[in-house]
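Work through each task before reading its solution.

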Amino acid sequence: MLETMYAEEGIGLAAVQVNILQRIVVIDVSGKRNEPLILINPVLTNKFGATGIEEGCLSVPESRAFVPRAESVTVTALDRDNNEFTL
Ligand SMILES: CSCC[C@H](NC=O)C(=O)O
């Protein structure tokens with residue numbers, strides 16, 4: 001998933017986008033593209049505020065649309081070593 005996200009110059013990719021039917025998300029919003037974040041079975045436990053921007057989607061590359069988003073969220077997930085973390 002990381003390989004695909006980096007190859008497509010994305011900032012995030014969900015497993016279902018590459019036909020893996022599991023709750024896994026990879027993200028890298030670092031400037032140098034060297035800080036991958038892997039969330040397995042993520043659960044949003046809190047969200048705050050409302051915002052949104054026009055976004056693209058690697059699965060529908062020809063389209064862009066405004067997507068409503070929270071300003072911040074709290075998420076708990078497992079990492080690659082099965083350790084739970086919250087951010
Ligand atoms: C803003 S959410 C990320 C959207 C897109 N990733 C998956 O489709 C990407 O451009 O990386």
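**Exercise 1.** State how many residues line the largest pocket and which lie nearest its centre.

*Solution.* The lining of the largest pocket comprises 33 residues, and those nearest its centre are Ile11, Gly12, Ile27, Glu55 and Arg69. A pocket here is an open set of points on a 1 Å grid over the protein atoms alone, with protein on both sides within 12 Å along at least five of seven lines; a 1.4 Å probe fits at the points, and lining residues have an atom within 4 Å of one. Strand 3 gives the largest share of this lining, five residues. The space in the largest pocket is about 1300 Å³, a volume being the space filled by probe spheres set on the grid points.

The model is predicted: local features need pLDDT of at least 70, side-chain atom pairs count only at pLDDT 80 or more, and totals for chains, interfaces and linings use all residues. Residues are numbered from 1 along each chain as its sequence is written, and side-chain values use heavy atoms, with hydrogens and water left out.

**Exercise 2.** Identify the residues that surround the ligand and its polar contacts with the backbone of Ile11, Gly12 and Leu58.

*Solution.* Around the ligand stand Gly10, Ile11, Gly12, Gln17, Glu55, Gly56, Cys57, Leu58 and Arg69, each with a heavy atom within 4 Å of it. A polar contact is a pair of N or O atoms within 3.5 Å. A polar backbone atom of Ile11 is 2.6 Å from a ligand oxygen. For Gly12, a backbone N or O atom lies 2.7 Å from a ligand nitrogen. A polar backbone atom of Leu58 is 2.8 Å from an oxygen atom of the ligand.

Terms used: Polar contact = N/O pair within 3.5 Å; in protein donor to acceptor, adjacent residues only side chain to side chain. Helix = DSSP H or I, 4+ residues; strand = E, 2+ residues; numbered from the N terminus.
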